[in-house]
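Visitor: I would like to learn how to read a model such as this one feature by feature, moving from a general idea to the particular case. Could you take me through it?

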Amino acid sequence: MSGHYLSIIIFLPLVGAILLAFLPKLGARAVKLIAAAFTIVPFFISATLFFMFDKAAGGFQFVEMVEDWIPFIHVDYFLGVDGLSLTMVVLTTLLGFLAVLISWKIDLRVREYFAWLLVLETGILGVFCALDLILFFLFWEVELLPMYLLISIWGSGRREYSAIKFVIYTILGSALMLAGILLLYFTAGTFDMTQLHLAGVTPALTIIFFLILFGFAVKLPVFPVHTWLPDAHTDAPTAVSVILAGILIKMGGYGMIRICVSMFPDVALAYAPLLAALAVVNVLYGAAVTLRQTDLKRLIAYSSISHMGYVMLGIFCLSELSLTGATLQMFSHGIITGLLFAMCGLVMEKTHRRLIPTLGGLARRMPVIVAVFSVAGLAALGLPGTSGFAAEFIVFLGSFSSGTFRFVEVYTILGVLGIVITAGYILWMLQRVFFGPPKEEDEHVEDADRLEMVPIFALVAVIMLIGIYPAILTDIIKTGIAPILG
Amino acid sequence: MNLYQLSPELSLCFFAIVVILLDLFIKRKRLLAALSVIGLIISTIFTITLWGEQATAFNRMLVVDEFSLLFKLIFLGVACLIILSSVDYVSRIARYQGEYLALVLLSAVGMMLMAGTGELISIYVALELTGICLYVLAGFLKDPKSSEAGLKYLLLGAVASAVLLYGMAMVFGLTGTTHLGEIASAMPSDGILSSPALLIGVVLLVAGFGFKIACVPFQMWVPDVYEGAPTPVTAYLSVASKAAGFAVILRVFYEALGPLSLDWSVIFAVLAAISMTIGNVVAIAQTNIKRMLGYSSIAQAGYLMMGLATITALGQSGLVFFLVAYAFTNMGAFIAVIAISNKVNSDLISDYTGMARRAPLLALGLTLCLVSLTGIPPTAGFMAKVYIFSAAMQYQLVWLVVIAVINTVVSAYYYLRVVKVMYTGAPASEERVPSSGALRLALSIACLGVLAIGILPGPLLQIAEVAMSALIGVFP
């Protein structure tokens, strides 16, 4: 199947950004409409691809290849998606569009804001579509500058500190990853991600594996290199938090599956117990720290760390079911946490507060926000009927039954404990923020308006859809996962 | 026929003299700048027509091959950008514009000869021609800082020249010839350690050339000279002069000392690691953007030397590629700095606050160049780093690559700090920063170059490969 669908999806937002940067005389409204147009079209194309994808054939489809883009080290412009990456692409285009809607009320330097947001989307989409390691890395780095500026200009709190912290962590991870990728090239002789399968556990392969893994671990994030995340998420503007939590950190999980597990199956197997243990630490430590948070946004941020632990657990239990679960969890967490951050943003916008002790009794004043926030919260703690349940259930089922290494069941059971803590902090948070006696100063607080309802109800619908019928995604994810495990 | 081989240099010399003479009669000094640019373009055309030739002239003193021609094009291009971006700046030195332009042209001639000679004495002469022009240019503003810069550069430059000459004398004494090709055949076959005198000679050569490329530990002149010199001259020093240094190093070390490559590559690997680390770490503490870019250029010299440490085709063409990418990037950054400092009359990074409001396009251009210096795609700097790092990796210099990537992280901090200052914070005044058409043209050429190389590196890689194979063809 040919046609440059993927290039179009990737570069449309960039074209939009260039238009925004250079078109003379644009009103704020025109800027927002352009941004919306250049994100909704990629979403429709990716949704079309999702249905055009040939599940029976599997493998990489919609492939595009320009050979010898960088000669002498044989880097190609090589794009393609399989079940795994297509899922991520759809998630990205969906959240990319919703992020534009969520930012509709931005009034500070509107043009620049949307231009950077669109550049960011291009970078992330490129990561999920690239099949050449250097191209992958190139897109991986594109996200840095937009994210840095988005946090440091439009953020809140200690935004400049958070922004530079994010950049330094990320660039350290990606610098080591680049070393790993180059080392890999001179070991295996190609950057073609579809060709690279290195069997065996040698010292060289182990070094490469961990160099590359480090880059993904920073992004996911994995304890102990997670500390950039709460700062960046908390201080970023709402829509950027949605993108950060919704898709950006998924690049880490995606990379672990696509590169670490798929290219180094034996090394991954050898170190699976260690990495699964780290994952369990992530789950429990993240959840425990979340309990203690008093800042609404920071609470959601820390919960992401805990939830990404499930992803990592699923990945390094290395069974088809657990990897499918991990991918579904990435998608599900993307929409749930995206929604949670959007709701946080709404609460902050309406009440101008986000410290939990200063909030309370909002339920009467903003019924829609409360209802949606509760749905998102319940989905985050894995209530059956929501995507959170489907994803976490498959992860645990997959890891418990994987038998990949000894005592994998124990790891799983410890991981399940995370859900209990999650239920604790989510319900406690909902209770403190929304219930109890209403506060006087909230007398004139308004509920979400129509425009704000569009993105949040869209996300609720997706959460429900996946919760009720997960096969819509798992069928396609499986076609991507099966060949990885051979 | 020999004169034809020398046509790029001769034509440029001619124009330099014409500029000085016309300066006496012409009131509208902008015409002189236009004339200089025309001279550079004519010289460029001569250079391009020579492309593809493999010849020597004047008793093998002049070598015309793709390697020297590529470097000549780099110098011509950089000199052209410098003159375009000086148009605003030279109003400060109204009386001496003719001299200024002529000195820029003459130093370009010197650099072109540096890249195009195959013989030690002519290298030295060309180096001095360049150096003397640059000493004068560095002190051109005549204020205390500029004078200090000029004097410091002159004194340290003289010491470096002496060291270099001493090294050349050692090599000549041991081999009996100053011709690079003949030196190579007189090299000992059992490594450098068998001949202590040669070892000293090579070390002195490294020190002398190290001054030119401003690598640690021969960098002490950089911050003061970069800060004090007129900004266009600083740009010139950091790009063209450095590139000329690398051209000579490549020529001398590959052609004359090629048989000892395993020995000197270690020296360069160690110097590379030290340069990039010290340059980047010290740059963090800088508050003056010219000093910061000075230290950054020391760090960049470190990355470039990774290419010298890598004795493979990939490393050498990577070095040339990196140089071209660096030339565009650093020029772009300095051009933006020239425009901004013209207006705000300060080089302090804190005075760049809110510059994105006052000069959106300048700020965008400077951001692009700083991003490229950091090595973030889709810019030339990223491609250059990928290329040179992969060369070093191929040569098994894993330790050096790890140091280099960690340095990249460190450098992101101070490069992006400037971006942050420009885009966040309220500007000191709402007044727009003006820039002349010539400067905007120069900046857009530099930025387009940065993007073009970053997105389509193929053609430049091929040229770099051709250039280096012309040079390497001399030794196995």
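Visitor: How far apart are the end C-alpha atoms of helix H13 of chain B, and what span should its residues give?

Guide: The helix covers residues 289–309 of chain B, and at 1.5 Å a residue its 21 residues should span 30 Å. The end C-alpha atoms of H13(B) are 30 Å apart, which agrees with that expectation.

Visitor: What mean pLDDT does chain B have, and what are the ipTM and pTM of the model?

Guide: Since the model is predicted, the confidence values belong beside every reading. Chain B has a mean pLDDT of 87, with 99% of its residues at 70 or more, while the model as a whole scores ipTM 0.78 and pTM 0.86.

Visitor: Which peptide bonds are cis in chain A and in chain B?

Guide: Most peptide bonds are trans. In chain A, the bond from A:Leu220 to A:Pro221 is cis, with omega near -5°, and A:Pro221 sits in the loop between helix H8 (203–219) and helix H9 (228–235) of that chain. In chain B, the bond from B:Val216 to B:Pro217 is cis, with omega near 5°, and B:Pro217 belongs to the loop between helix H9 (196–213) and helix H10 (222–228) of chain B.

Visitor: What is phi at A:Arg109 and at A:Phe407, and are these residues buried or exposed?

Guide: Most residues other than glycine have a negative phi. A:Arg109, although it is not a glycine, has a positive phi of about 45°; it is found in the loop between helix H3 (83–102) and H4 of chain A, and with 15 C-beta neighbours inside 10 Å it counts as partly exposed. A:Phe407 has a positive phi near 60° and lies in the loop between helix H16 (387–402) and helix H17 (408–434) of chain A. With 11 other C-beta atoms within 10 Å, A:Phe407 is exposed.

Visitor: What lies around A:Val81, and where in chain A is that residue placed?

Guide: A contact is a matter of space, whatever the separation in sequence. A:Val81 is placed in strand E2 (residues 75–81) of chain A and is buried, with 26 other C-beta atoms within 10 Å. Beyond its neighbours within four places in sequence, A:Val81 is in contact with residues including A:Leu6, A:Phe60, A:Phe62, A:Val89 and A:Cys129. The C-alpha atoms of A:Val81 and A:Ala130 are 8.2 Å apart, although the two residues are 49 residues apart in sequence.

Visitor: How does the radius of gyration of chain A agree with that of a compact globule?

Guide: With 486 residues, a compact globule would have a radius of gyration near 23 Å, and chain A has 21 Å, which agrees. Its secondary structure comes to 19 helices and two strands, and buried residues make up 62% of the chain.

Visitor: Finally, how many residues does each chain bring to the contact between A and B?

Guide: Chain B brings 30 residues and chain A brings 29 residues. On the side of chain B that touches chain A, the largest share, twelve residues, comes from H18(B).

Technical notes
Residues are numbered from 1 along each chain as its sequence is written. Chains are lettered from A and ligands numbered from 1 in the order in which they are written. This is a predicted model: local features need pLDDT of at least 70, side-chain atom pairs count only at pLDDT 80 or more; totals for chains, interfaces and linings use all residues. Helices (H or I, at least four residues) and strands (E, at least two) are DSSP runs, numbered from the N terminus. The expected span of a helix is 1.5 Å times one less than its number of residues. pLDDT is the predictor's confidence in each residue, from 0 to 100. The radius of gyration is taken over C-alpha atoms; the globule rule is 2.2 Å times the number of residues to the power 0.38. A residue is buried if 20 or more other C-beta atoms lie within 10 Å of its own, exposed if 12 or fewer, and partly exposed in between; C-beta atoms are placed from the backbone. Two residues are in contact if their C-beta atoms, placed from the backbone, lie within 7 Å.
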